[in-house]
Amino acid sequence: MRLMLTAISSMVLNFAIASHAAQAQQVQEAPLRAHLAFLSDDLLEGRGTGQRGGDIAVRYLETQAAAMGLVQMPGANGYRQTVTLVGSQTLGSSQLRFETNKGTLSPVLGADIVYGSSNGKADNDFDAPLVFVGYGVRASEERWDDFKGVNLKGKLLVMMVNDPQPTTVEPNRFGGKALTYYGRWTYKFEEAARQGAAGVLLIHTTPSASYAWNVPQTSFSHERFSLGKHGNNDNSGNALEGWIQEDSAKALFAAAGQDLDALRAQAETREFKPVAIDARIHVSLRSTVRKVEQQNVIGMVPGKDAKLKDQAVLYSAHWDHLGMVQEPGKPAQIWNGAVDNASGAAALLAMAQAAVTHPAKRTQIFLWPAAEEPGLLGSAFYVQHPLWPLAKTAADLNLDSMNFVGKTQDIGVAGSEHSSLFNSATSVAKKMGLRIAPSVPDLGGAFFRADHFNFVRAGVPAFNVGSAVFSGDGSFAFDHDAEQEAAQMKAFKKDYHTPRDRYNPAWDLSGMVQQAQFTLNLGYAVANDAALPVWNKEGSYKRVAR
């Protein structure tokens, strides 16, 4: 009888342990708030890429990872993965002018035009003819090709941002009202390089870009970064890439005998072909160029299932912001980036602390990518050089710019609908008493603007969980004082990417804890499921990843 009771007790204990391990531990607000306050403190000087404050952030993250017991990843240097970047800063001695039959146009750097290089060279000098290429898009699935096989090597390409607009006949072409990756400036610059162009200029309008001129103006006034040479990555960027104000572009085209509005109308059709512009650009671009080593921070909680532990769920949140920023005519300021993205980095630490004592069946990986702000570079490097096989990476759940206003009745899962993660997220939300936030058109291309997108491009199901900034108006149903809290969230959009994004001790972090808990719960659901997440349709990730 004693042996039987012992055996039964052992079975009950083992069941309890297995059941306990299958559940996510509670994310605690106190450590999350402490991490957030520290990571956004002036001491870290905004955690800028290639700046001292960024180095302090890395040291803090790896120290916390070690203290809480995260296991180091095979192939990592402790809790670090080194990412080599090339930094480039356009100098004021640079010169750019356009020659037309009606004379010379010299747009003012900053006011009329912004530009830089991404090919890693300090000196870029060239003279090139101009070609208008519409949206600059090649999309076989949309039966669209703005280049039509024209040889554009050595030409300066002028493009529109956004993507071809929906029509009455084709209301869903290129995602309808939503922005696709073809509309993003990153795609435009990538395509210009693939065409062998001498350079590329994007025509800025606030509606098409979804932001005002000050955004590219600020970006190009800072040091810009690109991935350095790693293996097959030859750092083949553009000798010149930038933006030109719409009024300046209209004046340039008029001087060359062209009507920009008429050309843009032509570019809304599949029949459009590149149009040679009777003008030339003369460029003398001078830049300071330096090699910069940054660190992805990474650690894991090994899985406990003998068969499933070689598969992993990955959580990510970038640690960097814009750092110490020197704007023209102003003293240097600290851009602390409390919401973007000390919030996500802090939440990930609190989630890891909850996870270390409660392993799931699959391994759980916690990744803090570097250099997200310059163009998702740290996560791009990780995907090129994964420390865990991507084929055995079940999903990436990303946190960026989290809810600092208060608890909600719903959760945003935009992007999850492309895979079975949506069903998992819906189930987790229901268990937490949450609704899935209503879908809103992704007018600003938010799906393509966070680190999860690099995993999507590599075929890993991924999405950004409940972004506070980019989720769209009305996607948060706040528990208390809903109208006031929604207004507070909306108001933050004016502080996004400004020195005003600072930590406030009065913030109600209950919503941030809720968001982190949902993400961790979803991670556990995926980590303990019998099957890996799948894309809804074969090859669908290739469509959303373009």
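Biologist: Which residue follows helix 11, and what is its phi?
Modeller: Gly 433 follows helix 11, with a positive phi near 75 degrees. A word on the source: this is a predicted model, where local features need pLDDT of at least 70, side-chain atom pairs count only at pLDDT 80 or more, and totals for chains, interfaces and linings use all residues. Residues are numbered from 1 along each chain as its sequence is written, and side-chain values use heavy atoms, with hydrogens and water left out.

Biologist: What makes Gln 81 buried?
Modeller: Its relative accessible area is 8%. Buried means under 20%, exposed over 50%, and partly exposed in between (1.4 Å probe, protein chains only). So Gln 81 counts as buried. Gln 81 sits in strand 1, residues 80–90. Strands (E, at least two residues) and helices (H or I, at least four) are DSSP runs, numbered from the N terminus.

Biologist: Which residues does Gln 81 contact, leaving aside its neighbours within four places in sequence?
Modeller: Contact means heavy atoms within 4.5 Å. Gln 81 has such contacts with, among them, Gln 294, Phe 381, Tyr 382 and His 385.

Biologist: Why is strand 13 called mostly covered?
Modeller: Five of its five residues, 312–316, are buried. Ala 312, Leu 314 and Ser 316 lie on one side, Val 313 and Tyr 315 on the other.

Biologist: What makes strand 13 and strand 16 a pair?
Modeller: Pairing needs at least two DSSP bridges. Five join strand 13 to strand 16 (residues 363–368), so the two parallel strands pair. Tyr 315 stands opposite Phe 366 there. Five bridges also join strand 13 to strand 17, again parallel.

Biologist: Why is the pair of Phe 404 and Trp 507 called tilted?
Modeller: Rings of Phe, Tyr and Trp (its six-membered ring) pair with centres within 6.5 Å; planes under 30 degrees apart are stacked, over 60 edge-to-face, the rest tilted. Here the values are 4.8 Å and 45 degrees, so the pair is tilted. The pair ties together parts 103 residues apart in sequence.
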